[in-house]
Amino acid sequence: VKRVYAFGKDADGKNVTEGNTNMKPQLGGKGANLAEMANIGLPVPPGFTITCQTCMEYSNAGNVWPEGALDTIRQYREDLEQRVGKKIGDPKDPLLVSVRSGAPISMPGMMDTVLNLGLNDESINGLIEQTENPRFAWDSYRRFIQMFSNVVMGLDGDLFENAITIKKNERGVKSDTELTAEDLQELVAEFKRIFSENVDLAAYPDLAQDGVAVFPQDPMAQLKLAIEAVFGSWDNPRAVLYRKQNKIDDNMGTAVNVQCMVFGNKGATSATGVAFTRNAANGAKEYYGDYLVNAQGEDVVAGIRNTSPISELKHTPGLEEAGKELEDVFVLLENHFRDMMDIEFTIEQGKLYMLQTRVGKRTAAAALHIAIDMEKEGLITKEEAVSRVEPEQLDQLLHPQFDKNATYDVLATGLNASPGAAVGEVVFSSEDAVRVAEEGRKCVLVRWETNPDDLAGMIAAEGILTSHGGKTSHAAVIARGMGAPCVCGVDALKIDAEKKEIVVSGTDVVLHEGDMISIDGTTGIVVKGAVDLVMPELTGDLDTILEWADEIRELGVRANADNPEDAELSRKFGAEGIGLCRTEHMFLGDRKQIIQKFILDENEDVRAECVKQLGELQTGDFLGMFRAMDGLPVIVRLLDPPLHEFLESPRALDVAIARMEEKGASADEIAAKRNLMAQIDGWAEANPMLGLRGCRLSILFPQLPEMQVRAIATAAARLKKEGLNPQPEIMIPLVAFESEIETLREKAEGFVAAVAAEEGVELDIKIGTMIELPRAAVIADKIAKHADFFSFGTNDLTQTTLGFSRDDAEAKFLPAYMEQHLLKRNPFATLDDGVAELVKMGCEKGRSTNPALKLGVCGEHGGDPESIMKFAKIGPDYVSCSPYRVPVARLAAAQAAL
Ligand code: ADP
Ligand code: MG
Ligand code: MG
């Protein structure tokens, strides 16, 4: 097996790159694209890439090197030294390298990188001599010790940052760049002391000298430890969490790139930066990014100093040439990769070097805008444009915004780093964010800047607010990826995380933990207190892409809605009908008493009266629904849940009785309550999920379907008389036997005919069933003889096929199944393959006896892009999902057809 691949040029300037952009599984994204950039002639500092497979072998063997790997690395290292004519650790003219992680799928900032490797107490002198720049050399050495200690040895980065702060205070300077060579030399000594004091010798016995840990001076030892640390970073907790969050496979491993250093910290004509070829927030065709003069890579992202926008680069003295060249590179990269690219670069004494490129992460708004622009520019086709937008991402556009009619005072403004608005309590740490979210409250995570350790809190919070960092800072990049609102770089916020307090400059406002704030990541505004949020209008770019998607897709998209507002919303989002209108929600609120009386009262007349009342109310419900969806089909499901769901909980009653007794209530009162409790207990089922529900209710309580069918028919008849075109369909849930649908259909048809006669209009109402039991799927050919349509209720079908009760599974054992890799996906979120087989069988068998049968899917899976991919292959005509998922489903359905 080939474990190492060279990239860049040899001593004669010939390209000796062995990889290319298609080798991401082996070389990782960074390595594959470094190779690709070298292949298309861009200035890439030379180096070599150790494969991801080597990382996995090393890790699976319990951190033991595969045979021969270290030899190969030595050969490639010697080859690299020969290519550039310098040796790592050379006391006269040392070669310095970076050791960079890079997985097949980009995980920005999740894993580790070490810069300036190869410096020690001797080679520092060579570096000073060669560059005649002692300040630069000492700065590089202190950075190396700092990164090596943090990344490789796991020491706390604050130990070093604090030492720098103390030094700056001693010298009375504000910025790192004001420290002199002598200051930095002293810092190197101080850093080495910190190293010795904090490294655990038991873990690193090789570093002991006279019983004390000493910063490793042997460059080869440095290199080996750094490579091993990068391998290890694949399994660091934040990387593991990120993969879980983003559904990334744990078995890919990371590559390691060993690359010659170039230096952005060599003075005023050196710089480092990150950029996107287009605006990553809104998609505008402009160069977007930040740079810092006289700095090294991480400085930009970490938000340590305030950065300059990339548009200023070519106007900065000494950087004009490099700035112009960079713009040419932008064009070249876009034409080559045919996408918006994200770039990391460094300028060393006026010369530009490319250090990384990848397809740029972007907000949903930017994704839409860029896809449409690129189609217009002729760079990509319509189909490609549709495939460029992640369906899941559309959620961002459906995020709340500040209500335009709300009045509020702007407390401070910062950078609009990730769109959408958020309201919540101020929290100052990732842990507090997680805690508050778990307690069921909303929070906004407020940080000086975020770092990868904050990931859990960023996920838990509604939004993220920072006082430092630009639009490519950690907070901004991660928030955009997650679709979380983010405002960053709000200078006016003086945050004291220890005291849990924010002082807002220029005001007398002081905010504390738990105070409500609102942020708007679309505009960069921060407001004290809670601003009313509203949902955005769907316009422009989204409509265009969805129209293109509609031209491509074959699957229909309907919505699950059970009130007129949701129905209207889903219609606005492009739903072609209602795939599931549940009726149980219509019995809640004030009406709960009526259904309770129906269940519990022993007097037949009282019960009949209840049914009558419910029937009148239901007719009103259906009038609203059918009116909202005029001309489009509305599938109404007859009552489905076990009846105890409408009753009080016996436990609560038990408590109430105990209280009554305590307070000395009368014996009669207590007896009445006890009687009620006994009645309710009578309705308890050992497993209500498999109990008296679905069509079984209709069989036992024929009054209920009669009432509901009549209400549906009556509402339809009245609307017809108004000149409207209602299209209701009646759905019978939880059918297992042919006989169930046969008899219930016959009765329903009778009620519809009766209403038609009473109202004097013709009614043609389709009647169908849900397929949500394995038996129903297996005998679908028989059931289809009595059904105009099937709707696969994949929530229940998953429960009944897997024998998993959804609530118990998700609360109790599914997480363990996922952690132990027994299951890749939560089967209630993404369609299980076994359940998919049943759906396929149901479709085929159903159509075999009833070619006109219309087939749909309701249930959560109808709005999940991955499940939609599966449905597109196995037969249903449409999927139905919650209103906000409708645009997502339209896009996913188009991508499934490509
Ligand atoms: P990440 O994956 O977190 O972006 P990188 O490996 O890209 O980590 O390293 C982070 C930064 O370190 C880069 O953006 C670049 O500025 C700097 N860097 C990495 N390698 C080199 C190098 N060979 N020369 C100069 N700077 C480098
Ligand atoms: Mg990088
Ligand atoms: Mg069901």
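Two residues are in contact if their C-beta atoms, placed from the backbone, lie within 7 Å. Keep that in mind as you select the whole protein chain. Among its contacts between residues at least 6 apart in sequence, 67% join residues at least 24 apart.

This is a predicted model: local features need pLDDT of at least 70, side-chain atom pairs count only at pLDDT 80 or more, and totals for chains, interfaces and linings use all residues. Residues are numbered from 1 along each chain as its sequence is written, while chains are lettered from A and ligands numbered from 1 in the order in which they are written.

**Whole chain**

Along the principal axes, the C-alpha atoms fill a box of roughly 105 × 70 × 55 Å. The chain has 33 helices and 35 strands. Helices (H or I, at least four residues) and strands (E, at least two) are DSSP runs, numbered from the N terminus. Of the 898 residues, 50% count as buried; that label needs 20 or more other C-beta atoms within 10 Å of the residue's own, with C-beta atoms placed from the backbone.

**Domains**

Colour these next: domain 1 (76-260), domain 2 (271-359), domain 3 (399-534), domain 4 (553-647 + 683-897) and domain 5 (651-682). The bounds come from an automatic or database domain assignment. The centres of domain 2 and domain 4, taken over C-alpha atoms, are 54 Å apart.

**Ligand 1**

Select ligand 1. Which residues are closest? They are Ser98, Arg100, Thr113, Gly297 and Glu344, in a shell of 17. A residue is near the ligand if its C-beta atom, placed from the backbone, lies within 6 Å of it. Domain 1 and domain 2 each give at least three residues to the shell. Strands supplying at least two residues each include β5 (97-102) and β13 (341-348).

Three strands form an open antiparallel sheet in the order β22-β23-β24. β22 (493-496) and β24 (510-512) are the edge strands, each pairing on one side only. Two strands pair if DSSP finds at least two bridges between them. Three bridges join β23 (residues 501-504) to β24. Zoom in on Glu501: its bridge partner in β24 is His512.

**Helix α29**

Finish at residues 794-802. Seven of the nine residues of α29 are buried, so this helix is largely enclosed by the rest of the structure. Among the buried ones are Thr794, Asp796 and Leu797. Show the packing partners of the buried residues, including β33 (789-793), α30 (806-819) and α31 (833-849). After α29 comes Gly803, with a positive phi near 70 degrees.

Note on methods:
Buried ≥ 20, exposed ≤ 12 C-beta atoms within 10 Å, placed from the backbone.
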